[in-house]
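These are my notebook entries on a single chain.

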Amino acid sequence: MATCVDNSRTSQPTPSHHLPVSDQPRFDNPVSKLLKFYRPRLTDFVSQTATNPNPEQLPQPRRTFIEDTKGEEAKEDYIWMKMREESYMDVEREPILSSYYFASILAHNSLESALANHLANKLSNSTLLVHTLYDIFSGVLCEDQEILEAIKEDLKGVKERDPACTSYVHCFLNYKGFLACEAHRVAHNLWLRGREALALLIQNRVSEVLAVDIHPGAKIGYGMLLDHGTGVVIGETVVIGNNVSILHNVTLGGTSKECGDRHPKIGDGVLIGAGTNVLGNVRIGEGAKIGAGAVVLKDVLPRTTAVGNPARLVGRNDLFRLDTVQV
C-alpha cells in the first residue's frame with residue numbers, strides 16, 4: 001500500500017551508530033516509540049508476562065494523547081488525537097498490524113492528510129495513480145473546512161448510532177459506508193466548481209470499489225451513517241439532512257417520468273431501513289422511520305413510521321392524525 005507522506009530531506013544524516021553515545025538521538029516522540037512495533041519480531045507476538053512476574057518491572061501505563069494535549073487545539077483536534085491514541089492501543093494488541101496503522105494513521109499529522117491517503121489507496125488503479133488521487137483529495141480537504149467538520153460529525157455519528165462501531169479509528173479504516181460518504185463530499189465540491197468529469201470519475205471508482213453509488217450532485221448533511229453501505233444508490237437531486245441513518249440496499253431515486261428536481265428530500269434524523277426504495281420528488285419529514293423493504297411514493301410526515309409496499313403509516317405521535325394523511 002503506497003503512503004503519501006512528506007519524507008523529504010535536505011541532506012543525508014550521519015548514521016546513529018557512528019555517533020558518540022552522548023550524541024546519539026533519543027527516541028522520545030510518539031512515532032519513534034512505535035518503531036519497536038514497526039518491524040515486529042517473533043517474540044513480539046508472544047506475551048512476556050510469564051517470564052517477567054515482578055509487577056514493578058512491567059511497563060508502566062503511558063499517558064494518553066488527550067492527557068498530554070492541552071488548550072483549545074486539543075478540543076478542536078479531539079477526534080484526530082483520539083484516533084491516534086486508539087491506533088497505538090490497537091498496535092499494542094496486534095503488532096502484526098503496526099505497518100498498516102503507521103502508513104494509514106500515525107505517519108500523518110492531520111485527519112485530512114490521513115483520509116486523503118486512505119481514500120487514494122482504496123480508489124486507485126493501474127491508470128489512476130494513488131499520488132494523483134492523493135493530490136485531489138488533500139487539495140479539497142485542506143481548502144474546505146466545512147467538509148472537514150462534516151467528516152468529524154460523520155465519525156461521531158457512526159460511533160454514537162452504530163453499536164458495532166468500537167472506535168473512531170475502526171470506522172475510519174474499515175467502514176466503507178463512511179469512506180464512500182467522504183469521497184462523495186470531495187466529489188460534490190468538485191461538481192459545484194464545474195469539474196464534472198473529475199467528480200463523476202470519483203463517483204465511478206467509489207461505485208466499483210465500495211458498491212455505493214452517490215451522484216456527485218446530491219447534497220448530504222453532517223452526521224451521516226451509511227450502515228454497511230452495500231447497494232446504496234442516491235440520485236442527483238437528492239437532499240439529505242443532518243444525522244440521517246441509511247442501511248444497505250436503499251435507493252433514493254426517480255420514477256423515470258420527470259426531469260429536473262426528481263429525487264427525494266430527506267429530513268433531519270430520519271432512519272431508512274434496509275432494502276427501502278424512496279422514489280420521486282417526495283419529502284420524508286424529520287425524525288421519520290421507514291421500515292425495511294418499504295416502497296415510498298408519497299410524502300411521509302415528520303416523526304411517523306411507514307412500512308410496506310406501497311408504504312403506509314403505522315405509527316404516530318400526538319402531533320399528527322393519520323386519518324388526514326393521503327397514502
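**Entry 1. The chain as a whole**

I counted eleven helices and 15 strands in the chain; helices (H or I, at least four residues) and strands (E, at least two) are DSSP runs, numbered from the N terminus. I note that this is a predicted model, in which local features need pLDDT of at least 70 and side-chain atom pairs count only at pLDDT 80 or more, while totals for chains, interfaces and linings use all residues. Residues are numbered from 1 along each chain as its sequence is written, and side-chain values use heavy atoms, with hydrogens and water left out.

I looked up burial next: of the 327 residues in the chain, 45% are buried. Buried means under 20% relative accessible area, exposed means over 50%, and partly exposed lies in between (1.4 Å probe, protein chains only). The accessible surface of the chain is about 17,900 Å², and carbon and sulfur atoms account for 51% of that area; the areas come from the Shrake-Rupley method with a 1.4 Å probe, and for residues only the protein chains shown count as cover.

I then turned to contacts, defined as heavy atoms within 4.5 Å. Among contacts with a separation of 6 or more, 45% are between residues 24 or more positions apart.

**Entry 2. Helix packing around α10**

I examined α7 (residues 130–143) against α10 (residues 176–192) and found an angle of about 80 degrees, with the axes 10 Å apart. Axes are lines fitted to C-alpha atoms, for helices over the stretch in contact, and angles run from 0 to 180 degrees between N-to-C directions. The helices α7 and α10 are therefore roughly perpendicular to each other. On this scale, angles under 35 degrees count as roughly parallel, over 145 as roughly antiparallel, 65 to 115 as roughly perpendicular and the rest as oblique.

On the α7 side I listed Ile136, Phe137, Val140 and Leu141, and on the α10 side Ala183, Val186, Asn189 and Leu190. The residues of this contact of α7 with α10 comprise seven nonpolar, one polar and no charged. Here Ala, Val, Leu, Ile, Met, Phe, Trp, Tyr, Cys and Pro count as nonpolar, Asp, Glu, Lys and Arg as charged, and the others, Gly among them, as polar.

I also examined α6 (residues 111–123), which packs on α10 at an angle of about 105 degrees, with the axes 11 Å apart. That angle makes α6 roughly perpendicular to α10. Leu115, His118, Leu119, Lys122 and Leu123 of α6 meet Phe178, Leu179, Glu182 and Ala183 of α10. I recorded six nonpolar, one polar and two charged residues in the contact of α6 with α10.

**Entry 3. Cysteines**

How many disulfides does the rule give? I applied the criterion of a pair of cysteine sulfur atoms within 2.5 Å, and the count came to zero. Cys165 is in no disulfide, and its nearest cysteine sulfur, that of Cys171, is 4.9 Å away. Cys171 likewise is in no disulfide, with the sulfur of Cys165 at 4.9 Å. Cys165 is buried, at 6% relative accessible area, and Cys171 is buried, at 0%.

**Entry 4. Backbone features**

I found a cis peptide bond between Asn309 and Pro310, with omega about -5 degrees. Pro310 sits in the loop between β14 (305–307) and β15 (312–315).

I noted a positive phi, near 60 degrees, at Ala211, a residue other than glycine. Ala211 lies in the loop between α11 (196–210) and β1 (212–214) and is partly exposed, at 32% relative accessible area.

Asn243 also has a positive phi, near 55 degrees. I placed Asn243 in the loop between β5 (239–240) and β6 (245–246); it is partly exposed, at 35%.

**Entry 5. Two loop residues**

I located Tyr222 in the loop between β2 (219–220) and β3 (225–226). Tyr222 counts as partly exposed, at 38% relative accessibility. Beyond residues up to four places away in sequence, Tyr222 touches Ala150, Glu153, Asp154, Arg185, Gly241, Asn242 and Asn243. Tyr222 and Glu146 are 76 residues apart in sequence, and their C-alpha atoms are 9.6 Å apart.

Which residues does Gly293 contact, leaving aside its neighbours within four places in sequence? I listed Ala274, Gly275, Thr276 and Gly308. Gly293 is in the loop between β12 (289–290) and β13 (295–296) and is partly exposed, at 40% relative accessibility. Gly293 and Ala311 are 18 residues apart in sequence and 9.3 Å apart, C-alpha to C-alpha.
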